[in-house]
Amino acid sequence: MSFIGVHYAEIMKVKLIFFIVLLSVAISAQTKSSDAKLSREMVGLWHATPYVASGMNDLYRFYSDGRFSFEYNQMVWSKRTISYSGKWRIENRRLILTLTKETGVVGGRRIKSDMSADGYEIQSGKEVIRNLKSPKIEGKKLGKLRQGELTKFISIGSRKYWRLSKNPKEYRN
């Protein structure tokens, strides 16, 4: 190969590397912009059904300051873990949850119940909020945010959630 041919090949190699780096930077910037937009859309109360029955189903509360809480179905009274909370963020269309607190029921005993959705409840248990010794990090894939008949919905992990309110403080007991 001649000197000119080798020189041309080197120039093309540098151009290709430059193009790949430029493309990577553009894709990264677009992903960050998309994540920021989705983060703004996620602020609010997200419920596992598009309606509220006699009690709340599983729900997320996402706050604009990066806090969140997850509350399990209120109609199932036999759960030991009632809710957890911590910080949230979105990275590459994944919801990253850092769990720092948990609310649960200690003591008591499990008995049959006609009122609970699963047929049982914990009798004489005590509700306790505890800080986790070491934060637990969970990542959940986010689906595409869509507009339903009445409200927006999104898949978080393998489950759909509907935004009942842009205000995460609504629908409190």
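I take strands as DSSP runs of E, at least two residues long, numbered from the N terminus. The model I examined is predicted.

**Entry 1: the largest pocket**

I looked up which strand gives the most to the lining of the largest pocket, and found β4, with six residues. I noted that β3 (67-71), β4 (81-91), β5 (94-106), β7 (120-123) and β8 (126-141) each supply at least two lining residues. The space in this pocket comes to about 800 Å³. Of its 32 lining residues, I recorded Glu71, Ile82, Ser83, Thr103 and Glu127 as the closest to the centre. I then sorted the lining by class: eleven residues are nonpolar, ten polar and eleven charged.

**Entry 2: salt bridges of Glu71**

I next followed Glu71. Its salt bridge with Arg61 has the closest N and O atoms 2.7 Å apart. Arg61 lies in strand β2 and Glu71 in strand β3, so this pair ties together parts ten residues apart in sequence. I found Arg61 buried, at 1% relative accessibility, and Glu71 buried as well, at 16%.

Glu71 also forms a salt bridge with Arg172, with the closest N and O atoms at 3.6 Å. Arg172 is partly exposed, at 48%.

**Entry 3: other salt bridges**

I counted ten salt bridges in total. One of them joins the side chains of Arg159 and Asp58, at 2.6 Å from N to O. Arg159 lies in strand β11 (residues 159-165) and Asp58 in the loop between β1 (44-47) and β2 (59-62), so the pair ties together parts 101 residues apart in sequence. I recorded Arg159 as partly exposed, at 31%, and Asp58 as buried, at 11%.

Methods: Residues numbered from 1 in each chain as written. Predicted model: local features only at pLDDT ≥ 70, side-chain atom pairs only at ≥ 80, totals over all residues. Heavy atoms only, no water. 1 Å grid on protein atoms, 1.4 Å probe; cavity = no way out; pocket = protein on both sides within 12 Å on 5 of 7 lines; lining within 4 Å. Points joined across faces, edges and corners; volume = space filled by probe spheres on them. Helix = DSSP H or I, 4+ residues; strand = E, 2+ residues; numbered from the N terminus. Nonpolar A, V, L, I, M, F, W, Y, C, P; charged D, E, K, R; others polar. Salt bridge = Lys/Arg side-chain N within 4 Å of Asp/Glu carboxyl O. Buried < 20%, exposed > 50% of the residue type's maximum accessible area, 1.4 Å probe, protein only.
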